[in-house]
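I have put my reading of it into a few numbered points, to be taken alongside the model itself.

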Amino acid sequence: MVKTTSALFSPITIRTVQFKNRIAVSPMCQYSSEDGFANDWHLVHLGSRAVGGAGLIFTEATAVSPEGRITPDDLGIWKDDHIPGLKRITQFIKQNGSVAGIQLAHAGRKASHQRPWDGGAAIAPTGERGWQTVAPSAIPFSESEPVPVALTAAGIEKVLTDFQVATQRALDAGFSVVEIHAAHGYLLHEFLSPLSNQRTDAYGGSFENRTRLLLEVVERVQTVWPRDLPMFVRISATDWTEGGWTADDSVKLADILKTKGVDVIDCSTGGNVPNAKIPSYPGYQVEFAERIKQETGMMTAAVGLITSVEQAEAILANSRADFVLLAREFLRDPYFPLHAAHVLKEDMPWPVQYERAKPRQ
Ligand SMILES: Cc1cc2nc3c(=O)[nH]c(=O)nc-3n(C[C@H](O)[C@H](O)[C@H](O)COP(=O)(O)O)c2cc1C
């Protein structure tokens, strides 16, 4: 391993997995699948960021069931046939020195939408390519969106089984990190937040009840996911809305997830209700990663408007998080880590094929 002085390029080992640096590709939907299959786009998109030197590369939200897709074009892992296409990608990522992570997801009441470039509107259950969405309660995301069906006990059991079986497939496909998507107003976040969960059974009401489904998903995933591989959970650390999920709730949840053996809390925010007042400035969500890290001792990942090398380095050097996840900056620059290494004067190896382009000082 190359000698490093920067925080960004300090390697880290979690369980048995070594990450060569702390820069991760944040999950980003590509809406480019047919019937959930990974294809050349996914290989080139994720593969480019491995060539670019990211320490960890997450797939986009990968649906554990067809009804859990945001759009009909989402990546999926609900059948064994999905495995070979994903395996091709994990092999390429590993061959290029990065760690392959998968974000397992169920979109809940935010499922059944058009792709952003087709308008992004909700598709009614009866509409072309649409389906009936499910949620903790029959409350739509907004007044103009279709009403979801509240999950029955059998429906909840199916969600648990879907996450469990998807995890086995993720393992078979060669992923080394699994992340449970419990953020952005998708199904697991909908259960966490009192704004979207008004159930009166064991899955609604108290904090303990609202967190039950996520904790059960974590347990189900762990029946399959080996203890020597890392597990992340992405949360929305606040709903930014009165009466919603709060940062205090997130700290409390992280404490529990720690006892369950979750390794990293990936700290995003928002997405569960329209019109939340979300501040937007560089690193606007880092405070949540910092607070959870400091108050619980959990490792955290910071995400959101992290775009410069200096900013990313400062977040880690000041112990505000253990990883930085970049989304849009990685779309602008797939080689961000190679460029960051140069700025920080780290002698990071370039892919041999690109050696001749490496800056010499
Ligand atoms: C094109 C695009 C697709 C995204 N898809 C996902 C996703 O699948 N899962 C997820 O948790 N977040 C998703 N996000 C959110 C990002 O992971 C990230 O949290 C957010 O963009 C803020 O980071 P940034 O400022 O570096 O872009 C997406 C963002 C973008 C731009």
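1. A word on the basis first. This is a predicted model, in which local features need pLDDT of at least 70 and side-chain atom pairs count only at pLDDT 80 or more, while totals for chains, interfaces and linings use all residues. Residues are numbered from 1 along each chain as its sequence is written.

2. The chain has eleven helices and twelve strands (DSSP runs numbered from the N terminus, with H or I over at least four residues for helices and E over at least two for strands). Its C-alpha atoms fill a box of roughly 60 × 40 × 40 Å along the principal axes.

3. Look next at helix α1 (residues 40-51) and helix α2 (residues 83-95), which pack at an angle of about 15 degrees with axes 9 Å apart (axes are lines fitted to C-alpha atoms, for helices over the stretch in contact, and angles run from 0 to 180 degrees between N-to-C directions). That makes α1 roughly parallel to α2 (angles under 35 degrees count as roughly parallel, over 145 as roughly antiparallel, 65 to 115 as roughly perpendicular and the rest as oblique). On the α1 side, His42, Leu43, Leu46, Gly47 and Ala50 meet Arg88, Ile89, Phe92 and Ile93 of α2 (contact means C-beta atoms, placed from the backbone, within 7 Å). These contact residues divide into six nonpolar, two polar and one charged (Ala, Val, Leu, Ile, Met, Phe, Trp, Tyr, Cys and Pro count as nonpolar, Asp, Glu, Lys and Arg as charged, and the others, Gly among them, as polar).

4. Helix α3 (residues 153-172) packs on helix α6 (residues 212-222) at about 35 degrees, the axes being 8 Å apart. From α3 come Ile156, Leu160, Phe163, Gln164 and Thr167, and from α6 Leu213, Glu216, Val217, Arg220 and Val221. This contact has six nonpolar, two polar and two charged residues.

5. For helix α7 (residues 247-259) and helix α8 (residues 286-296), the angle is about 50 degrees and the axes are 10 Å apart. That makes α7 oblique to α8. Ala247, Ser250, Val251, Ala254, Asp255 and Lys258 of α7 meet Phe288, Arg291, Ile292, Glu295 and Thr296 of α8. By class, the contact has five nonpolar, two polar and four charged residues.

6. Finally, the ligand: 20 residues surround it, the closest being Ser26, Pro27, Ala61, Ala327 and Arg328 (C-beta atom, placed from the backbone, within 6 Å). The elements giving two or more residues to this shell are β4 (56-63) and α10 (328-332). The shell has ten nonpolar, six polar and four charged residues.

Conventions. Two residues are in contact if their C-beta atoms, placed from the backbone, lie within 7 Å.
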